[in-house]
Amino acid sequence: MDLFLPESGLVIWMLIAFLIVFAILAKVGWPMIMGAVEQRNTHISDSLMAADKANKALAGIEQKRQETMAAAQAEQIKIMKESQELKTQLIEEAKAQARQEAEKIVADARFKIEKEQAEALAQIKNEVIALSVDIAEKLLQRELSDKQAQSDYIEQLLKNNQTRIEA
Amino acid sequence: MRNVLKYFIFSLLLSWMAFAPIQSCAQDTEEPKEEKFDAKSFIFGHTGDSYCYHITEMKGEPICVWLPVIVKCKDGGSWHCFSSKHVCELKEGETFEHKGAHFYVSPISADKYPGKLVEVKADGGLSRPFDISFTKNAFGIFLVCIFLLAFFLPAARKYKKDPMAKPTKYQGLVEWLTYTVLDGIIKPNVPEKKVKKFAPYLLTVFFFIFFANLFGLIPFFPFGANVTGNLSITVVLALLTYFFVNVFGNKHYWKDIFWPDVPIFLKAFPLMPIIELISTITKPFALMVRLFANILAGHIVIMVLMALIFIIGGMYGAGMGGVMSIVSIFMTIFMTALELLVAYIQAYVFTILSSLFIGMAQHEPEHE
């Protein structure tokens, strides 16, 4: 049957047309499309890899930052603790010093008081002695005739001395 | 609401389709000479090649695109080039004279050279001239070729200009089409190093067949030429595959043909080499026949379904023809949908087998 025989004219047209299209597409069609897509593929995969790397680096940096932060915080706490300790220590020391000072002052005062007391006592003794001597002198100067008179006189002397002391 | 409207229009169309043949049949019966419906001419006229591109008929006058007829007469005859208008409009028994030679197109029902241009010799004998007329199918081929160039080249130019630019939607479509074929068909079959070498041919073949198939399904001008359902076209495609397989075949491929790993008595008396050689021819032959037969069969089935309307109408009257037309319309819709699938499948099969054969001829044996 005629249907199953290739027609020479059509074969020629087909061969010409197809080969021309094939030549054009093979030269400036497919390689451009494939090349561009391949290029983009590699670019995308490279970019993804770079992004992955950057992400990893960033994660490292973040970790380091956190570590530094934690260290700084610990340091801060430590310093605060130390200062607290120092403070209490200083206070304690100051207190102790103050107490010592106070004790010293008290002792000094006591010593001074005792000394003055002793001085006063000594003065009083001297006064008493002088008075006694004085009285004795006056007694001796007067004639001890009258007993009553003698006593009154002594009494008077004592009185005088007392006012003198009081004065 | 829109759906209701849609169904209404659809049913109107259907009823029009149903009654249109009745009207035409009624007109036919009014005419004095009753023309019998010639199913064979109808079917093969539409599926085969022709010298003019028949678009439609208006008031009994055909509206055609007249394509050029280019022939060279046998036995040292001269070249003739004229419009197909002159030969297509001839009445029966008439011939067209051009530069001293007489031509006519023999009818499709003729025994000798059906549907072809024939030269009538002076002694009344018929001879078929060497015919490279730009026929309907040649027109179809060029249409597909121009479409391929117009579709793929702008994208290629854009890629060349700026390969790293964000692709447009159109480029995305081109990319998707190209890489469906490249990743789905070519890369699994052709060795990786050879993909760049053979991909252009395989991609061109795929898209040529695919778009030729699709254009063949569109039933109006300038589409509708049965390009891939014509043996002349598939024979060229098969020959090109044969060329790519055998010319670029490596040493190992040829050794397997002429000195395969079989017992010596099978190849010394060259039984196996002969079988292997024949098999190199049968492979592209099968490609050729498969594509041609599948597409032609699809077109013939659609045309037969259409012809059935008129056959039944002629046999049982216009009413039955009308009923048949409803059945035929649904069957044709189904067939066209199926052909849409076949259009892709046949392009796929042709390309995958071509890449398989090319890949096999490129196969390097693993070192033991």
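What is the order of the strands in the open sheet of 4 strands in chain B, and with what pairing? The order is E5-E6-E7-E8, and the pairing is antiparallel. This is a predicted model, in which local features need pLDDT of at least 70 and side-chain atom pairs count only at pLDDT 80 or more, while totals for chains, interfaces and linings use all residues. Residues are numbered from 1 along each chain as its sequence is written, and chains are lettered from A and ligands numbered from 1 in the order in which they are written.

**Sheets of chain B**

Strands (E, at least two residues) and helices (H or I, at least four) are DSSP runs, numbered from the N terminus. Two strands pair if DSSP finds at least two bridges between them.

| Strand pair | Bridges and sense |
|---|---|
| E3(B) (residues 68-72) and E4(B) | 5 bridges, antiparallel |
| E5(B) and E6(B) (residues 101-105) | 3 bridges, antiparallel |
| E6(B) and E7(B) | 4 bridges, antiparallel |
| E7(B) (residues 117-120) and E8(B) | 2 bridges, antiparallel |

Ile70(B) is set opposite Cys81(B) in E4(B), and Glu97(B) is set opposite His102(B) in E6(B). Val105(B) has Leu117(B) in E7(B) as its bridge partner, while Val120(B) faces Leu126(B) in E8(B).

Two of the pairs are hairpins with a residue of positive phi. E5(B) and E6(B) have 2 residues between them, and Lys99(B) in that turn has a positive phi of about 50°. The hairpin of E3(B) and E4(B) has 6 residues between the strands, and here Asp75(B) takes a positive phi near 55°. Most residues other than glycine have a negative phi, and most peptide bonds are trans.

**Helices of chain B**

Helix H10(B) (residues 271-316) has a kink of about 25° centred on Ala307(B); the bend at a residue is the angle between axes fitted to the seven residues ending there and the seven starting there. After H10(B) comes Gly317(B), with a positive phi near 100°.

The axes of H6(B) and H11(B) (residues 318-361) come within 9 Å and cross at roughly 165°. Such axes are lines fitted to C-alpha atoms, for helices over the stretch in contact, with angles running from 0 to 180 degrees between N-to-C directions. H6(B) and H11(B) are therefore roughly antiparallel to each other, a term for angles over 145 degrees. The crossing is right-handed, in that the near helix is turned clockwise from the far one by less than a right angle.

Residues of H6(B) that meet H11(B) include Phe198(B), Leu202(B), Phe206(B), Phe210(B) and Asn213(B), and among their counterparts in H11(B) are Glu339(B), Leu340(B), Tyr344(B) and Phe350(B). Two residues are in contact if their C-beta atoms, placed from the backbone, lie within 7 Å. The contact of H6(B) with H11(B) divides into 14 nonpolar, 6 polar and 1 charged residues. Ala, Val, Leu, Ile, Met, Phe, Trp, Tyr, Cys and Pro count as nonpolar, Asp, Glu, Lys and Arg as charged, and the others, Gly among them, as polar.

In the loop between H6 and H7 of chain B lies Pro222(B). The peptide bond from Phe221(B) to Pro222(B) is cis, with omega near 0°.

**Contact between the chains**

In the interface, 39 residues of chain B are in contact with 33 residues of chain A. At least two residues each come from strand E9 (130-131) and helices H4 (136-161), H5 (169-186), H6 (195-217) and H7 (231-247) of chain B. H4(B) gives the most to this side, with 13 residues. By class, the side of chain B that touches chain A has 27 nonpolar, 8 polar and 4 charged residues.

H6(B) also packs against H1(A) (residues 8-141), with axes that come within 9 Å and cross at roughly 115°. That makes H1(A) roughly perpendicular to H6(B), the term for 65 to 115 degrees. This crossing is right-handed. Phe18(A), Phe22(A) and Trp30(A) are among the residues that H1(A) brings to the contact, and Pro200(B), Tyr201(B) and Phe208(B) are among those from H6(B). The contact has 12 nonpolar, 1 polar and no charged residues.

Note on methods:
Angles under 35 degrees count as roughly parallel, over 145 as roughly antiparallel, 65 to 115 as roughly perpendicular and the rest as oblique.
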